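Student: I would like to learn how to read a few features of this model. Could you take me through them one at a time?

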Amino acid sequence: MRESWLLFWRNLREFWRVFRHNRMGMIGAFLLLSAVLIALFAPFLSPYEPSLVIRDATGRGLTFAPPAVHGPLGTDDAGRDVWTQLVYGARISLLVGLLAGFIAMFIGSLLGILAGYFGGWIDTLIMRVTDVLLVIPDLPLMLVLVATLRQMELKISPLVVLILVIGLLYWTSTARLVRSQVLSIKERQFVARARAIGAGHFHIIRRHILPQLMPLIVANTVLILSTAILIESGLSFLGLGDPTQPSWGTMLNFAFDRNAISNGAWWFYLPPGLAIVWVSLGCVLLGNVLEEMLNPRLTAHHLEGDVRVRPLEGEGAYG
Amino acid sequence: MAEMPLLQVRHLTTEFLLPGKGAARALEDVSFDVYPGQTIGLVGESGCGKTTVLMSILRLLPTQAQISGRVLFRGLDLLALSERQMREYRWKEIAIVFQGAMNALNPVMSVGEQICEAITLHGLMPRREAEARTGELLELVGIPKERGVQYPFQYSGGMRQRAMIAMALACSPCILFADEPTTALDVMVQAQILELLGNIQRKMGLAIVLVTHDLGVVAEMCDMVVVMYGGKVAEYGPVDRIFNNPQHPYTQKLLEAFPDLAQPVASLASIPGAPPRLSELPPGCRFAPRCHVCLPQCASEAPPLLEIAPGHFSACHLCKS
Amino acid sequence: MSRRTYLLRKLIFALVTIFVVLVINFVLFRVLPGDPVRAVIGRNVKISAEAQQALRQQFGLDKPIFPDQFLDTLRQWAQGNLGISWSLRRPVAEILMSKLGNTLLLIGLGQLLSIILGVFLGLFAGWKRKTVFDVAALTFSLIAWATPTFWLGIILLAAGSSWLGLPTGGIVSPENVGKPLYTVLPDLARHLVLPTLTLTILYLGEYMLIMRSSILEVLSEDYILTAKAKGMSPWQVLWRHALKNAMLPIVTIVALNLGFTVSGAIYIETVFSYDGLGKLFQTALVKQDYPLLQGAFLLLAVSVIVANFLADILYTALDPRVKAN
Ligand SMILES: Nc1ncnc2c1ncn2[C@@H]1O[C@H](COP(=O)(O)OP(=O)(O)OP(=O)(O)O)[C@@H](O)[C@H]1O
Ligand SMILES: [Mg+2]
């Protein structure tokens, strides 16, 4: 055990040594980490409860107050503090994104491994299902699903509905990626050797395939996370979020529905959008860099430019 | 020799600038001549720089490469030309059949069109005539001209290789570079292609620079041989002198590893050790670590390429001119 | 595989996918709580018990759900009968058809602009890899990817309407509503500027990225080196050898992206109150108008599937490897 931990630390240190010099990756990590910290420490970052209505001296709700009048980011249409909503919204957006992303990653990896490892009809079936899912337009499908689930009055939180629908629909890219990776791992020598000495399927997958797959899955999860957060914001913007627990998307839904634009309340509709871009850009940068580090694609480029030449002056050899 | 050489390569040195790792010197001080109508063989272990020599002459290397030296084509230094001027010489004067020509044809363009394009590109003849010539070229390499309209994926590997040769001949160049034109083909097809090259050379009188691992082929086809080791010329001279009287220990080992020229299957790997890495080249003779007759000065002092007999050069401290 | 079998296979795939969509649509409709008759005629309509029974028989709701009701429904859909909208009290099919043109106009414009620009800029970025232009293009694409469609729409709406005086929504000004669109072209154009711009910016990043990686892959191929060795200039190599090879995957990806395009239309039309299928979809969602929602979903899904199949046909016509034998 001690030894494998040592190896783990060594690998991590090695990874960090290379990663540290990658500007894109560092920016991505910063964007993502800062958002996570803000979500974790939300109560310390704001003196108000998210639902508290700010009142002026006369006790009237302070609606659409610009930042100059109140707080760092003013108030919304109901007089609530926008900054407070924003930091508490980070919790909802990140949580939904994270859980949905993990569900998608889990299903995708599982199906990818099954398809790649066993091949045959299992592979065909799984791949056809991904093909079908890929062609059906996702947003309309999700909207119809969410709408129906809500109509069924199942007494589950809208957030859970969102998590499930996103998680259950966005595993296709992971499945394809994992499958192709498993196929190439299966080609290698030691899998054949393990088979030859009679190791079981589960054992081979757990001991030989999963460890090699893990880095790729992590990188892919980061990418999926950005998709999940974007989709969540879209669905919430269309009014499918939980109005009692507003995410950034729900905030934008409020802002749009309650005429923040015509009221010129930019402090209401700019920050949540920027926050979404902040996080999803962080994930995309980080995910791309991780993938690139895992399998570098430094390909030739035959038109990149002309070779440098330095002709010699004077006479050459051979007289 | 009374005739002027077509191509004089002098002190050709090529480095690859690797980001964060400095420069890798893939070629150093490579010199040889190509005379009209001659075939010159370029041999050596994998990675010794054979392909790099051809690509450096044609200036087809990527940007991270840096070439220096002189490449005189009919007395004109190709390395002193601008890129635009250089284009006039590619294919029209010097054509090349790439190593692994399997993917060298554009998959979405018919083979005939790709050949025809080479002719019209250099403005050698109008489109109509170029099409007729394309048919002739295909027939010349043994492909029915009706198949010119087909796409590369409809050709077998051997046919693709022959189509590449037909394409290389399109502008009637003076020099043909053939970089291992027969690897990845079966023995029968290999023999056909080499015979084809020989016939074409007799017919058209072009000079060929042939890169190969097969010393049997060299003995059969070539007039001159350049033996390369670790990016440098180890020995260079007429083929019969090199084969009968090799002066460089590396050449001797190569030939020993190839006892029966009629059976060209033995591998060069039977020389113990491995060729040097470009990142850690030995300071003296590059072959010294593997040499069976190594002298003390070999480890520190690089031997110069000396003319030990008329037209026969060798770079070894044991050789005295 | 010959072109015939290839296309046949694609056709079968398209049909299967459509079937899956039909099943999803049918099942979702059936799991809705309450009486299916209510689901057909709407919640708040008062109706006698006898009339209900009559309706029940008319819609075949007394028969078993599978296969009778399913087949019945399929037959109805095939005849273009998608039910009656609860909120608008008109046949769903009729409503959908009246909005289709507007959406096609918007999507078409956005796609056309972004594909042309994206292919061109992506090609250039890949060719000049790692230059300032390439890095800028890449950064733009990543930011565009990370930006929610609707939010970009909101920003452009706010900026465009307050600074440029562009209309904030709708497809034509109120006084022009109802007139044929070609008679009010300048007004229509003014209304189209912002939604089209939003769509174009978003898709542009996507297409630029795809084209860039596609051209990079092509430029690493041996035949590009052959073309260069033939004495071609970089432009000639790009134009004659690289472009077609790099464009091939674009055809498929543009088609696959249609789903993404449809999502974009839903958001953009909502933000700009643009009177198309996307806005309709959103309205149906808010008003919980199920027949309309289902009908819109059916139309969008089937269109995307058919468009994908058409792209496959186009692909076989372009790629000799599939076209020949
Ligand atoms: N683009 C490049 N960048 C960096 N190094 C290169 C590049 N091309 C070639 N080299 C290096 O230059 C050396 C010579 O390679 P070259 O391809 O010329 O060998 P070769 O003699 O043709 O070998 P083979 O018989 O296997 O074809 C090798 O060590 C190779 O790693
Ligand atoms: Mg080579």
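Tutor: Gladly. Let us begin with a term: a polar contact is a pair of N or O atoms within 3.5 Å; within protein, one must be able to donate a hydrogen and the other to accept it, and residues adjacent in sequence count only if both atoms are side-chain atoms. Here, a polar side-chain atom of B:Lys50 lies 2.8 Å from an oxygen atom of ligand 1. B:Thr51 has a side-chain N or O atom 2.6 Å from an oxygen of ligand 1, and a polar backbone atom of B:Cys48 is 3.3 Å from a ligand 1 oxygen. On its own, ligand 1 exposes 640 Å², of which the protein buries 69% (Shrake-Rupley areas with a 1.4 Å probe; for residues, only the protein chains shown count as cover).

Student: What should I know about the model itself and its numbering?

Tutor: The model is predicted, with local features needing pLDDT of at least 70 and side-chain atom pairs counting only at pLDDT 80 or more, while totals for chains, interfaces and linings use all residues. Residues are numbered from 1 along each chain as its sequence is written, chains are lettered from A and ligands numbered from 1 in the order in which they are written, and side-chain values use heavy atoms, leaving out hydrogens and water.

Student: Which residues come nearest to ligand 1?

Tutor: A residue is near a molecule or strand if one of its heavy atoms lies within 4 Å of it. Of the 15 residues around ligand 1, the nearest are B:Ser46, B:Gly47, B:Thr51, B:Thr52 and B:Gln99. Helix α1 of chain B gives the largest share of this shell, 3 residues. Helices (H or I, at least four residues) and strands (E, at least two) are DSSP runs, numbered from the N terminus.

Student: Is B:Arg286 buried or exposed?

Tutor: Buried means under 20% relative accessible area, exposed over 50%, and partly exposed in between (1.4 Å probe, protein chains only). B:Arg286 has 10%, so it counts as buried. This residue lies in the loop between α9 (249–256) and β11 (306–309) of chain B. Its side chain makes a polar contact of 2.6 Å with that of B:Glu28, and the B:Arg286 side chain also reaches the backbone oxygen of B:Gly230 at 2.7 Å.

Student: And how do I read a phi angle?

Tutor: Most residues other than glycine have a negative phi. A:Phe64 has a positive phi, near 50°, and lies in the loop between α3 (42–45) and α4 (82–118) of chain A. C:Arg89 also has a positive phi, about 55°; this residue is partly exposed at 49% relative accessibility.

Student: How many helices and strands does chain C have?

Tutor: Chain C has 14 helices and 0 strands. Of its 325 residues, 53% are buried.
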